[in-house]
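Here is a friendly briefing to read alongside the model. Please keep the viewer open as you go through the points.

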Amino acid sequence: MNENYYLLFEKQIEEIKNFPSVPNLLLHSCCAPCSSQVISTLTNFFNITILYYNPNIYPKEEYLKRKEEQIKLLNEIESVNKLNIIDCDYDNEVYEQTIKGLEKEKEGGSRCYKCFALRLEKTAKIGEKKSYDYFSTTLTISPHKNSKIINIIGKSLEDKYNIKWLYSDHKKKDGYKKSIELSKKYNLYRQNYCGCIYSKRIDT
């Protein structure tokens, strides 16, 4: 059965509206443009900490450029509740080891699954360690990312790390279109490939 992840997200938000205090969300962000619309939506319900963990991005100069854009956005975007960032080391070697043997896989296949799982598990681990109430990701705003796979991975990590997974399918309700509009508003750099060297070969 195919789940409606946006509907599950909306149900969680309705529950959160009745909480006595604002919950804390650790939100993995792949880049500033994707996070713009997600932050604009979720800031109404959460104190958000962005986790910038993207060891897949290549080369390092591209990684640093995207990180700078993320920080720029967080300094400029309107937020209702608290908004912070956790910066992580550039672990491209960890990514390469994780996807070893899958370098020639097509975009959206097994290599991407491993990449999603690597980043989401890092988010869940940090979320548990720092006692966040929820964890989630901005990845599902992209029309090129499989929201079902991302949500299945996230939900599987919920019990393992004792932290609630916030469902998402942020491309719904014109989410992706709104992220483009916000990118223009904040003059954000929009990359022309997903991040890893393998997607760069395909997309450019």
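Helices (H or I, at least four residues) and strands (E, at least two) are DSSP runs, numbered from the N terminus. The model is predicted, so local features need pLDDT of at least 70 and side-chain atom pairs count only at pLDDT 80 or more, while totals for chains, interfaces and linings use all residues. Residues are numbered from 1 along each chain as its sequence is written, and side-chain values use heavy atoms, with hydrogens and water left out.

- Helix α7 spans residues 175–185, and its buried residues (buried means under 20% relative accessible area, exposed over 50%, partly exposed in between, with a 1.4 Å probe and protein chains only) are Gly-175, Ser-179, Leu-182 and Ser-183.
- These four residues sit on the same side of α7 because they cover an arc of only 105° around the axis, where the arc is that of the directions from the helix axis to the C-beta atoms.
- As a reminder, an α-helix has 3.6 residues a turn, so residues three or four places apart point the same way.
- Lys-184 and Lys-185 are exposed on the face of α7 turned away from its buried side.
- The partner of the buried residues of α7 is α2 (32–42), against which they pack.
- Ser-36 belongs to helix α2, and it counts as buried because its relative accessibility is 0%.
- Leaving aside neighbours within four places in sequence, Ser-36 is in contact (heavy atoms within 4.5 Å) with Leu-73, Ile-77, Ser-179, Leu-182 and Ser-183.
- Ser-36 and Tyr-186 are 150 residues apart in sequence, yet their C-alpha atoms are 9.1 Å apart in space.

**The nonpolar core**

- A nonpolar core is a set of buried Ala, Val, Leu, Ile, Met, Phe, Trp, Tyr and Cys residues joined through side-chain atoms within 4.5 Å.
- The largest such core has 53 residues, of which Leu-25, Leu-27, Ile-39, Leu-42, Phe-46 and Ile-48 touch the most other members.
- Helix α5 (residues 110–129) gives the most to this core, with seven residues.

- Gln-12 lies in helix α1 (residues 5–16), and its relative accessibility of 12% is why it counts as buried.
- Beyond residues up to four places away in sequence, Gln-12 touches Tyr-134, Trp-165, Leu-166 and Tyr-167.
- Ile-86 is placed in strand β3 (residues 83–87) and counts as buried because its relative accessibility is 18%.
- Ile-86 and Thr-49 are 37 residues apart in sequence and 6.9 Å apart in space, C-alpha to C-alpha.
- Thr-49 is also among the residues that Ile-86 touches, and others include Leu-26, Leu-51, Ile-126 and Tyr-132.

**Cavity and pocket**

- On a 1 Å grid over the protein atoms alone, a cavity is a set of points where a 1.4 Å probe fits but cannot get out, and a pocket is an open set with protein on both sides within 12 Å along at least five of seven lines; lining residues have an atom within 4 Å of a point.
- Grid points are joined across faces, edges and corners, and a volume is the space filled by probe spheres set on the points.
- The largest cavity has a volume of about 80 Å³, and α5 supplies the largest share of its lining, five residues.
- Among the residues that line this cavity are Arg-111, Cys-112, Lys-145 and Cys-194.
- The largest pocket has a volume of about 550 Å³.
- Of the 26 residues that line this pocket, Ser-142, His-144, Lys-145, Tyr-193 and Cys-194 are the closest to its centre.

**Backbone points to check**

- The peptide bond from Tyr-58 to Pro-59 is cis, with omega near 0°, and Pro-59 lies in the loop between β2 (47–52) and α3 (60–76).
- Ser-131 is not a glycine, but has a positive phi of about 60°; its place is the loop between α5 and β4 (134–137).
- Asn-187 sits in the loop between α7 and α8 (197–203), has a positive phi near 55° and is exposed, with a relative accessible area of 60%.
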